[in-house]
Amino acid sequence: MEKLKRMAPSTRSSFITYGMVIVAYAVMEALLSGGLLKSSLKGLLVPICAYVVMAVSLNLTVGIMGELSLGHAGFMSVGAFTAVIAAAALESTVTSGPVRLAVSMAIGGVAAGLVSLIVVVPVLRLQGDYLAIVTLAFGEIIKNIINCVYVGLDGEGFHFGMKDAASLGLAADGKMLLQGPMGAVGIQKLSSFTAGFLLILLTLAVALNFIHSRAGRAVMALRDNRIAAESVGISPSRYKMMAFVTSAVLAGLAGGLYAMNFSSILAKKFDFNTSILILVFVVLGGMGNIRGSVIAAAALTVLPELLRDFSDYRMLVYAIVLILVMLFTNNPACKTVFARFKLGSPAKKEAV
Amino acid sequence: MFSKLVSISSGAMVPDRDADKSPILECIGLGVTFGGLKAVENFNLTIGRTEIAGLIGPNGAGKTTVFNLLTKVYQPTKGTILLDGRDTHGMSTTQVNRAGIARTFQNIRLFTNLTVEDNVKVGMNNAMRYNMWSGIFRLPGFWKEEKVAHERAMELLSIFDMQDMANARAGSLPYGAQRRLEIVRALATNPGLLLLDEPAAGMNPSETAELMENIRKIRDTFQIAVLLIEHDMNLVMNICEGICVLNFGQIIAKGSPEEIQSNATVVEAYLGKKKEA
C-alpha cells in the first residue's frame with residue numbers, strides 16, 4: 001500500500017487499468033466454468049476483446065495524437081483478412097492452434113502497419129476535418145478492394161485474382177480463402193477469450209508505455225501546441241508517424257482476433273459504421289483516457305445484447321442510452337464526482 | 001553592474017567580457033516581406049556569448065517577427081543569421097532549436113494537458129536517446145534516461161521554486177507560473193541563446209523584480225546569452241547590457257541602456273515629435 005502511494009500518479013493509474021482487466025477476465029472465466037453465462041453473451045466475449053483493442057488503438061490517434069480518424073475499421077479489415085489467409089497457409093507448418101493464431105495475428109498486424117505507412121503520408125500533411133475525410137475515404141477504399149479480391153491456396157501456393165473464383169485456376173485439392181464479395185470463407189475458429197484477454201493486456205502495455213515514454217510525450221506536446229513543440233525541437237512527422245503506425249498495428253491485431261472467431265467474414269463488416277462505432281467508444285470513454293476506452297468498448301458492445309428484451313425497439317433504446325450517457329458524462333457536476341474517484345475525467349487524468 | 005560594450009572585429013558591440021569570444025548570434029541584413037509589406041528590413045544585430053540583450057520598440061514594430069525569423073517560424077527573405085558562426089539558412093524550427101536557440105512566446109504556449117514535469121521533459125526530448133521500443137518494452141535504457149530526465153527536470157524547476165508543482169497540469173497553473181514554466185521548458189533544450197518574448201507581461205512589480213533576478217541567475221549559471229522583448233522599461237534598463245530599438249521594422253538605435261535613454265530618435269519613436277515652436 002505504501003509503495004502504491006509512492007508511485008507516480010501515471011504509473012498507479014496504469015496499474016489500476018491492468019488490474020481492472022485482469023479482474024474482469026477472472027470473473028468471466030469463473031462464470032464460464034460455472035455455466036452461468038448466456039450463450040449469446042458467450043459469443044460476444046471475443047468481439048468485446050477485439051473492440052476493446054480497437055478502442056484503445058483508436059484512442060492513440062484521436063485522443064493522444066489529436067487527429068480525427070474515420071477509417072480505423074480499414075486497418076482492422078487489413079489485419080483480419082491477412083490473418084485469415086496466413087492462418088490457412090500455416091495450417092500444415094504450425095500445428096498448435098494458439099501459436100498459429102498468434103503468428104497469423106502478428107502477420108495481420110504487420111500488414112496493417114505497412115498499409116498505414118501509405119496512409120500516413122496524408123496524415124502528416126493534413127489536419128482536422130480534411131484528414132478525417134481522407135481517413136474515411138481510405139476505409140472505403142480498403143473495403144472495396146477486399147470486396148473484389150479472390151485468393152485461393154493449393155499445392156503450388158497462393159493464387160490471386162480480381163475477376164472471379166474460376167479464373168484463379170486452382171488445383172482440385174485447392175481451397176478458396178477469399179471470395180470477393182462473399183468474403184473470407186472456411187475460417188478455422190482459432191480465437192478464444194483467453195487469446196483476446198492476452199491481446200488486451202498487450203495492447204494496454206503498448207499504449208500506456210508508449211504514452212508514458214518520450215515518444216508519447218512528444219506526440220501529446222504536438223497535440224497541445226504544435227508551434228511550441230517545434231520550438232523545443234520536436235519533429236512533427238516523426239512522432240505522428242510513430243503514433244499512427246502503432247495504432248494501425250494494434251488495429252490489425254484486433255482484426256485478426258475478430259475474424260478468426262467466425263467461420264466466414266465479409267469485407268462489409270469493416271465499413272464506415274464500424275469506424276464510427278469505435279469512435280463512439282473512444283469519445284464516450286474520454287479522449288486520451290485509455291481506461292475509459294476499455295470500459296466504454298466493453299459496455300457498449302454488451303448493451304445491445306442486454307437490451308434484447310426491447311426486441312424491435314432495441315436500437316432505439318440503445319441510441320437513447322447513448323445520448324443520456326454522453327450528456328451525463330459531459331455534465332460539469334458529474335465530472336467533478338468522476339474526478340474524485342479518478343474514473344471518468346478524460347485527457348487530463350489519463351494523458352499525463 | 002554592466003560590463004561595458006566594446007566593439008569587436010565585425011564592428012558590432014558586445015559586452016567586454018565576451019569580446020575575446022566569437023558572438024553567439026549575428027544577424028546580417030536580415031529582412032522579411034509579407035506580400036508588399038516589409039515587416040523587418042536590414043536588421044543587423046550581434047549578441048555576445050553571455051550577453052543579456054533587449055529588443056524594444058513600439059507596438060507593431062516587428063519585434064516578435066524578428067523572433068519568428070530567428071526561430072524560422074518565418075523564413076527570412078533576405079539576409080543571413082549566423083548562430084555560433086553557423087549559417088542557419090534553410091533550417092526548420094526544430095533544427096534551429098537543436099542548433100541552440102530556444103524561445104518563449106508572447107501568448108503563452110504550454111502543453112496544457114501535460115504535467116509541469118512532462119512539459120520540461122518534452123524540452124529534453126532531443127537530449128534523450130532511447131528509442132520507441134525501449135519505451136514500449138521498458139528496456140534498461142528507458143529507466144536510466146527517464147531517471148536522469150526526472151532529476152534534471154526537478155533541478156531546472158527549482159530555479160523558479162516550482163518543484164512542488166511538478167505533478168500539476170500545466171494548464172491549471174496561475175499565469176505567472178505558466179510564464180516561468182515556459183522559460184524552464186526552453187532551458188531544458190540546453191540552448192546557447194534564449195529568446196524571451198515579453199517575459200514580464202502581466203506580472204506585478206515584485207514578480208518582475210524576481211524575474212529580473214532569475215534571468216540574471218540563468219545567464220550566470222548556464223553561461224548563455226539572452227535576448228528579450230519587453231515593454232517594461234524598468235526591467236529592460238536594469239538587466240540588459242545591449243539594447244536594440246526597432247520601429248517600423250528597422251533598427252533606429254543600438255547601444256547601452258544609458259545611450260538608449262538619451263537617444264532623441266528613440267524618445268521620438270515612443271513619445272512623438274516635439275511641436276516646433
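Two residues are taken to be in contact if their C-beta atoms, placed from the backbone, lie within 7 Å. The model is predicted, so that local features need pLDDT of at least 70 and side-chain atom pairs count only at pLDDT 80 or more, while totals for chains, interfaces and linings use all residues. Residues are numbered from 1 along each chain as its sequence is written, and chains are lettered from A and ligands numbered from 1 in the order in which they are written.

The contact between the chains draws 27 residues from chain A and 32 residues from chain B. On the side of chain A that touches chain B, two or more residues each come from helices H8 (193-211), H9 (214-224), H10 (226-231) and H16 (346-350) of chain A; helices (H or I, at least four residues) and strands (E, at least two) are DSSP runs, numbered from the N terminus. H9(A) gives the most, with seven residues. By class, this side of chain A has 16 nonpolar (Ala, Val, Leu, Ile, Met, Phe, Trp, Tyr, Cys and Pro), five charged (Asp, Glu, Lys and Arg) and six polar residues (the others, Gly among them).

Chain B is assigned domain 1 (1-100 + 191-277) and domain 2 (110-189), with bounds from an automatic or database domain assignment. The centres of these domains of chain B, taken over C-alpha atoms, are separated by 28 Å. Their contact takes 13 residues from domain 1 and ten residues from domain 2 of chain B. Helix H2 (93-99), strand E9 (193-197) and helix H7 (205-222) of chain B are the elements that give two or more residues to the side of domain 1 that touches domain 2. H7(B) gives the most to this side, with five residues. The residues of this side of domain 1 of chain B comprise seven nonpolar, three polar and three charged.
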